[in-house]
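Colleague: I have this one open on my screen. Can you walk me through the strands, then the helices?

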Amino acid sequence: MLTTDGVRDWLGWRDFEYHEDEAPRRLHGCMVANAGGAVLLMDSEDSLEEQRFTLAHEVAHFVLDHLVPRDWALRMFGESIRPVLDGLRDPTPHELISSHFSRVPIGVQVKLMDRNQTGTIQSAKVLQAERRADRLAFEFLAPAALAMETLSQHSEDDGVEALATRFGLTRRAAHEYARMLVRPRRPERFSLVRMLGTDGRGQ
């Protein structure tokens with residue numbers, strides 16, 4: 001079973017920093033990213049469907065929360081920032097100020113494991129990161145166009161089951177993805193031009 005204590009011990013054996021205030025709890029997975037590479041830890045006691053989603057979710061975190069911000073920083077500051085990104089030196093005051101005003105992150109952007117003992121997310125920033133990772137993970141496992149095709153062929157309850165069967169998702173994940181894809185869209189804003197028609201004579 002993968003736990004926060006197990007991750008702390010694993011990191012400690014390899015001299016990685018760890019947030020000691022992390023609440024003890026069980027984990028499905030965890031990403032440890034450093035210098036453009038990563039190690040993904042997963043709970044082997046989970047079902048295969050759960051492990052597949054965990055893998056996709058953690059890969060999504062690696063891309064969105066490590067590789068993309070790292071690429072932004074390298075484009076903004078050049079190679080001189082690489083030692084900062086790799087943890088080999090601290091940023092200079094100038095780099096910190098430039099990072100703040102240009103909104104280009106040069107450090108760890110999100111404490112992804114910031115949850116309490118029950119696993120409840122403790123901040124809006126982490127919640128947003130988790131939702132983005134879930135959305136990309138779903139796209140990895142069940143591209144939206146194909147998933148919508150599946151949902152359109154079934155009733156609501158049968159659609160969730162069909163989604164889980166076709167793409168190897170847990171029923172919980174399939175239900176969440178279906179809800180995400182068919183979420184009612186906001187009504188379009190009123191447009192006088194659209195109401196009157198492009199030639200201004202109405203319809």
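Modeller: Start with the hairpin, which is formed by β1 and β2 with two residues between them. Bear in mind that this is a predicted model.

Colleague: What is the phi of A35 in the turn?

Modeller: A35 has a positive phi, about 55 degrees.

Colleague: And how many bridges join β1 to β2?

Modeller: Six bridges join strand β1, residues 29-34, to strand β2, residues 37-42. The two strands run antiparallel.

Colleague: Which residue in β2 is the bridge partner of C30?

Modeller: C30 has L41 as its bridge partner in β2. A33 stands opposite A38, also in β2.

Colleague: New topic. How many aromatic pairs does a search of the whole structure find?

Modeller: The search of the whole structure turns up two. One of them is F53 with F138, a tilted pair with 5.0 Å centre to centre and 45 degrees between the planes.

Colleague: Where do F53 and F138 sit in the chain?

Modeller: F53 is in helix α2, residues 48-77, and F138 is in helix α5, residues 124-141. They are 85 residues apart, and the pair links distant parts of the chain.

Colleague: What about the axes of α2 and α5, how do they cross?

Modeller: The axes of α2 and α5 come within 8 Å and cross at roughly 120 degrees. The two helices are therefore oblique to each other. The crossing of α2 past α5 is right-handed.

Colleague: Which residues in α2 meet α5?

Modeller: From α2 they are R52, F53, A56, H57, V59, A60, H61, L64 and D65. The α5 side has A129, E130, R132, A133, D134, L136, A137, F138, F140 and L141. By class, the contact of α2 with α5 has 12 nonpolar, two polar and five charged residues.

Colleague: Then α7 and α8. How far apart are their axes?

Modeller: The axes of α7, residues 156-167, and α8, residues 171-181, are 8 Å apart, and the helices pack at an angle of about 120 degrees. That makes α7 oblique to α8. α7 passes α8 in a right-handed crossing.

Colleague: Which residues in α7 meet α8?

Modeller: D157, V160, E161, L163 and A164 do, and they meet R171, A174, H175, Y177 and A178 in α8. The residues of this contact divide into six nonpolar, one polar and three charged.

Terms used
Residues are numbered from 1 along each chain as its sequence is written. This is a predicted model: local features need pLDDT of at least 70, side-chain atom pairs count only at pLDDT 80 or more; totals for chains, interfaces and linings use all residues. Side-chain values use heavy atoms; hydrogens and water are left out. Axes are lines fitted to C-alpha atoms, for helices over the stretch in contact, and angles run from 0 to 180 degrees between N-to-C directions. Helices (H or I, at least four residues) and strands (E, at least two) are DSSP runs, numbered from the N terminus. Angles under 35 degrees count as roughly parallel, over 145 as roughly antiparallel, 65 to 115 as roughly perpendicular and the rest as oblique. A crossing is left-handed if the near helix is turned anticlockwise from the far one by less than a right angle, and right-handed if clockwise. Contact means heavy atoms within 4.5 Å. Ala, Val, Leu, Ile, Met, Phe, Trp, Tyr, Cys and Pro count as nonpolar, Asp, Glu, Lys and Arg as charged, and the others, Gly among them, as polar. Two strands pair if DSSP finds at least two bridges between them. Rings of Phe, Tyr and Trp (its six-membered ring) pair if their centres lie within 6.5 Å; planes under 30 degrees apart count as stacked, over 60 as edge-to-face and the rest as tilted.
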